[in-house]
Each structure stands twice: as C-alpha cells, then as structure tokens.
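Thanks for coming. I have one structure to go through today, so please look at the screen and I will start with a question.

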Amino acid sequence: MISLLVGLLGQVTDVQFVGLKKFRTVLGQAQKLKSKPIGDIVGAVGLSFVETPYVGWTLERSADKEFCFVTLDGLDCVTLFESSLGLARMIKQGQSRESDLIAQITKTRYRNGVVSGYPSRLHYTSDWIYDNDRKGTVKDVSAILPGAIALEKTFSFMSQHTDTYRQLKAHPELIEVIKRDEARLSKTQFSYVPTASVEAAEGSLMTGDIIGIVTKTEGMDCSHTGLIIREGKRARFLHASSVAKKVMLDGPISEYLKRSDKSLGIMVARPK
C-alpha cells in the first residue's frame, strides 16, 4: 500500500493505493497477456475482478481535497473499467509499480490527465469518453455502430443535486465551475445506440469495449458503466452491480438493457 496520510478527523488527505495482492496477481499474468490486443487484455483483467465486492462512491474520499485514489479490493461501476483499462495499459507498456497504475488512472480519470481540483475529474461518462478519445487512450465508436443516433441531452444533474456530492457541499464555489462544464457538454455532439438497436449492433462490439448505459434521468447522460466480453456471437456485459453487490458477468448487453425501464441505450469507447 502506498503511503496513506490520515488527518485528525480520519479523512484521507493524500493519494493512496489499496489492493497490492490483486495488483501482483494481475501483473503475474502480464507476460502471457502482453502480446494480445489491448481490448483483450482489458477484458482479461476485467474478468479477474469477478466476485470482487461492490463498493459505492469509491472516489468520494474527502470533502476538502481531490486526489487520485485507487483500490482494487472493492469496485464500483466506474472504477471497474478504470482499473481494467489502467492495468491493461500498464501490461502493454511493461510497467510494474503501483505508482504506474496511479499514473495511468490519473491520466484517464482527469481532464487532460491532470488533477486540478474536484471539477478536473471527468464526472460525466460522455465527458470521460470525449476527453480520453482526445488523449488517445480510447476511441469513441458510438457514432459508427449500427443504429446510432445523436444524443439529445441537457447536462445539469450535478449542479442540481449538489447535496449528493461531498465536495460541492463543502465548496459551493465549485458549483459554478461544474455548471460551465455542463453547459459545454450540453453543446457537444454525442452519439448513442438506442436500446431497440443494441441487439443488431452487438456483432460490432468487441471484448474490452467500455459501455456507458444512457439513462432517461433528466440532466444525466449515463447511470451505469461496464465492459463487453465477447463469447462467440454474444456480447456479454461485465459490470460492478449495486444490486448483486459484486462484480459479475451478466448476459448479453441487449438483454441487460431490456430489463431496465430507465435505460435509453449505450455509448461505447474502444481501448487503444
């Protein structure tokens, strides 16, 4: 575990890493995986997390300071794909230290790869995909999938639900910054595949694809995330389930969507 600094009130105040045993287990497979395509490595790492406990709000460590926290021992839907992608990129690049994983996740989690306060974190999935497409860590393939259409959303959920976010409650001056980011996103063109078209698009999905489940919730783009694992003609959904309280390999993504009356469809980012 990388140095853990705890303040007088018990709040974590610096970067930390948790999950050394899992980290070493995954990297123990590095030589076997390194020659594979990056998506296949993301998928293999993701599958290694099956049965890992679900832990919600993993990133909300402090109300006072934004820092990159990485844990492999308990995951939510975001940290599952973040960690899988970060470890896969490490394997491809021949890296082996905990600090390398922190650096990889810092690059993908924060706008332009730089921690610069709470608003620098890529809170909205579509913003994460957009920024990481620009950084070259993924390619946004949503628009080229069969049945894709434009996403018509006005982003406002965070600024309208500030009590949900610790740092916005502690630092209300950040709300205006979040509003500016939401206004920018509301003007940015995004695409998605509607639920009715996902089954037809499944043949184009690949192992390791990062999936954003587009939601009907007003002001929000995606309510859940996960990874695709291809099994023949099936594109199964690997995700950290708040219902099952663990990471699990679900059925085909089209079937998963049909079970949810709050989902509109999917956005897809392909690891590079």
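Which residue in β7 does Ile211 stand opposite? Before I answer, note that this is a predicted model. The residue opposite Ile211 is Gly226 in β7.

Let me stay with that strand. β6 covers residues 210–215, and six of its six residues are buried. Ile210, Gly212 and Val214 point one way from the strand, while Ile211, Ile213 and Thr215 point the other way. In a regular strand, side chains alternate between the two faces of the sheet. Here, the residues pointing either way from β6 are all buried.

Now the partners. β6 pairs with β7, residues 222–231, in the antiparallel sense over five bridges. The hairpin of these two has six residues between the strands, and Gly219 takes a positive phi near 85 degrees there. β6 also pairs with β10, residues 263–271, again antiparallel, over six bridges. In that pairing, Ile213 has Ile266 as its bridge partner.

Next, the helix α1, residues 20–27. Its buried residues are Lys22, Phe23, Val26 and Leu27. Viewed down the helix axis, they fall within an arc of 130 degrees, so they line one face of α1. On the other side, Lys21 and Arg24 are exposed. What do the buried residues of α1 pack against? The elements are β1 (16–18), α2 (30–33), α3 (38–48), α4 (77–93) and α5 (98–109).

On to the cores. The largest nonpolar core has 55 residues, and Leu87, Leu101 and Trp128 have the most contacts inside it. The biggest contribution comes from α4, with seven residues. A second, separate core has 16 residues, including Leu205, Ile213, Ile253 and Ile266. Going back to Leu101, and leaving aside neighbours within four places in sequence, its contacts are Phe17, Phe23, Val70, Leu72, Gly86, Leu87 and Met90.

Last, the cysteines. How many disulfides does a search of the whole structure find? The count is zero. For Cys68, the closest cysteine sulfur is in Cys77, at 17 Å, which is too far for a bond. Cys68 is also buried, with a relative accessible area of 2%. Cys222 is in no disulfide either, and the nearest cysteine sulfur, again that of Cys77, is 9.6 Å away. Cys222 is buried too, at a relative accessible area of 9%.

That is what I have; questions are welcome.

How values were computed: Residues are numbered from 1 along each chain as its sequence is written. This is a predicted model: local features need pLDDT of at least 70, side-chain atom pairs count only at pLDDT 80 or more; totals for chains, interfaces and linings use all residues. Side-chain values use heavy atoms; hydrogens and water are left out. Buried means under 20% relative accessible area, exposed over 50%, partly exposed in between (1.4 Å probe, protein chains only). Helices (H or I, at least four residues) and strands (E, at least two) are DSSP runs, numbered from the N terminus. The arc is that of the directions from the helix axis to the C-beta atoms. Contact means heavy atoms within 4.5 Å. A nonpolar core is a set of buried Ala, Val, Leu, Ile, Met, Phe, Trp, Tyr and Cys residues joined through side-chain atoms within 4.5 Å. A disulfide is a pair of cysteine sulfur atoms within 2.5 Å. Two strands pair if DSSP finds at least two bridges between them.
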